[in-house]
Number of protein chains: 2
Amino acid sequence: MSTQARRERERAEREQAIITAARDLALTEGWDAVTTRRLAAEIEYSQPVLYSHFKGKDAIMAAVAVEGFAELATALVSARASAADPRQAVADVAAAYVAFAQQRPAIYDVMFTLAVDLPFASQDVPTDLARGFAELADAVRPVAGDDDLEAVAETFWAGLHGLVTLMRSGRLRHADHDRRLAVLVDRFSPR
Amino acid sequence: MSTQARRERERAEREQAIITAARDLALTEGWDAVTTRRLAAEIEYSQPVLYSHFKGKDAIMAAVAVEGFAELATALVSARASAADPRQAVADVAAAYVAFAQQRPAIYDVMFTLAVDLPFASQDVPTDLARGFAELADAVRPVAGDDDLEAVAETFWAGLHGLVTLMRSGRLRHADHDRRLAVLVDRFSPR
DNA sequence: CTCCAATTCCTAGCGCTGCTAGATATAAGA
DNA sequence: TCTTATATCTAGCAGCGCTAGGAATTGGAG
């Protein structure tokens, strides 16, 4: 039965097409422009087809978020790998994190601000999220000292996340971004 | 013409009723439950009346946010005022900030996550936001050193904001919250 | 006191959203 | 070739933010 195999493959391709369409639309026009009708038009199928792949629009957004976690993790891994010394590693990882958020704001939003519950119920996310988090943790390991490494890394992460989100919502001026990032990095760098 | 004065007063009362209804509804049932139809029912007027007071739903949310900024500023002022020593001041201000966000999550959301543009165009917000921010800045002043005080304070703020939002969206476990907060406070405390 | 003008307010409706029931077309197996 | 099962679409629901146009109420002038 190779026809069945073909149909399953086509179905998987269509599912990926939905995710990609949602991602592209969100990146270019923002999540408000991502409606089920536009997604359906994009993949050249009718609306209900979306619901045979995903439980609802939230699940589609969650799937985009899952891809985002993998991307972010990869970016953090390569940032730390190419750092010259431990102190530079913290700065490079921080810069890579911020760059990811600024270059793909819609993806960052769906990963950390929108779509609260869904991704964390899935299988893939904890893996890729942990993969990215491990890079942050390894970078700040030298400075952890007596404190719990996990708590230090999470706090460092929160600092990055706060800088990114506050700046993106206009609460912090763009101009002083580098200075603030330097302050944060300094607080979590070995001397 | 005291009738005109009465009508203006009644109009102002109705405007406040709209804000209060939106705030209460958001606190008890979340912002998704705050629809123009429910707000209209709450104040016992028809929908279009809302639009004679506010440009749209976003403006109503912004008005709730404005009240929130005043509340937060007051909480931070009293937290720092009652602190025993400079080191405790940082911890107390941080605790007050987090407590505000955790006790009124819907208000915090509309202040810092939703309603991107609107509040910052108004007059009141910069005042109350600056009032709250000044408390954070004064608390971390002893630790600023060579760095720009504003940048240090903004980074400290970002750390608090990051902890609050990541925890609320389920990205950080509640259990270790105190430990993370201690790490952040320690990084911004005079020794 | 009456009439007119201005203001205030509501009814009804538009275009959009996410989502779904029921009908239709297509493909597979006997 | 006929029947059954699967895949897909058409059409529609209830809700959203928002608004045009008419009805009701109020204020001032004659």
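Trainee: What does the secondary structure of chain A come to?
Mentor: Nine helices and zero strands. Keep in mind that this is a predicted model.

Trainee: In what order do the elements of chain A run from the N terminus on?
Mentor: The order is α-α-α-α-α-α-α-α-α.

Trainee: What box do the C-alpha atoms of chain A fill?
Mentor: Roughly 60 × 40 × 25 Å, taken along the principal axes.

Trainee: OK, packing. At what angle do α4 and α5 of chain A pack?
Mentor: About 150 degrees, and their axes are 8 Å apart. Helix α4 covers residues 57–81 of chain A, and helix α5 covers residues 86–103.

Trainee: What does that make them to each other?
Mentor: The angle is over 145 degrees, so α4(A) is roughly antiparallel to α5(A). The crossing of the two is right-handed.

Trainee: Which residues of α4(A) and α5(A) meet?
Mentor: From α4(A), they are A:Leu72, A:Ala75, A:Leu76, A:Ala79 and A:Arg80. On the α5(A) side you'll find A:Ala89, A:Asp92, A:Val93, A:Ala96, A:Tyr97 and A:Phe100.

Trainee: How many of the residues in that contact of α4(A) with α5(A) are nonpolar, polar or charged?
Mentor: Nine are nonpolar and two are charged, with no polar ones.

Trainee: And α5(A) with α8(A), what angle there?
Mentor: About 35 degrees, with the axes 10 Å apart. α5(A) passes α8(A) in a right-handed crossing. α5(A) brings A:Ala94, A:Tyr97, A:Val98 and A:Ala101 to the contact. α8(A) brings A:Leu160, A:Leu163 and A:Val164.

Trainee: How does the contact of α5(A) with α8(A) divide by residue type?
Mentor: Seven nonpolar, no polar and no charged.

Trainee: New topic. How many residues does the contact take from chain B and from chain A?
Mentor: 28 residues from chain B and 28 residues from chain A.

Trainee: Which elements give two or more residues to chain B's side of it?
Mentor: α8 (149–168) and α9 (177–187) of chain B. The largest share comes from α8(B), with eleven residues. By type, that side of chain B has eleven nonpolar, eight polar and nine charged residues.

Trainee: What rotation superposes chain B on chain A?
Mentor: One of 180 degrees, with 0.0 Å of shift along its axis. The RMSD is 0.1 Å. That is how a two-fold axis relates them.

Trainee: Why do you say the copies meet through the same surface?
Mentor: Because 100% of the interface residues of chain B are also interface residues in chain A.

Trainee: Which residues make the contact of α8(A) and α9(B)?
Mentor: A:Ala151, A:Val152, A:Glu154, A:Thr155 and A:Ala158 sit on α8(A). B:Arg179, B:Arg180, B:Val183 and B:Leu184 sit on α9(B). The residues divide into five nonpolar, one polar and three charged.

Trainee: Which element gives the most to the surface near DNA strand D?
Mentor: α3(A), with four residues. Chain B takes part too: its α2 (36–43), α3 (47–53) and α4 (57–81) each supply at least two residues. Six residues of that surface are nonpolar, eight polar and four charged.

Trainee: How do the residues near DNA strand C divide?
Mentor: Five nonpolar, seven polar and two charged.

Note on methods. Residues are numbered from 1 along each chain as its sequence is written. Chains are lettered from A and ligands numbered from 1 in the order in which they are written. This is a predicted model: local features need pLDDT of at least 70, side-chain atom pairs count only at pLDDT 80 or more; totals for chains, interfaces and linings use all residues. Ala, Val, Leu, Ile, Met, Phe, Trp, Tyr, Cys and Pro count as nonpolar, Asp, Glu, Lys and Arg as charged, and the others, Gly among them, as polar. Two residues are in contact if their C-beta atoms, placed from the backbone, lie within 7 Å. Copies are superposed by least squares on the C-alpha atoms of residues with pLDDT of at least 70 in both. Axes are lines fitted to C-alpha atoms, for helices over the stretch in contact, and angles run from 0 to 180 degrees between N-to-C directions. Angles under 35 degrees count as roughly parallel, over 145 as roughly antiparallel, 65 to 115 as roughly perpendicular and the rest as oblique. A crossing is left-handed if the near helix is turned anticlockwise from the far one by less than a right angle, and right-handed if clockwise.
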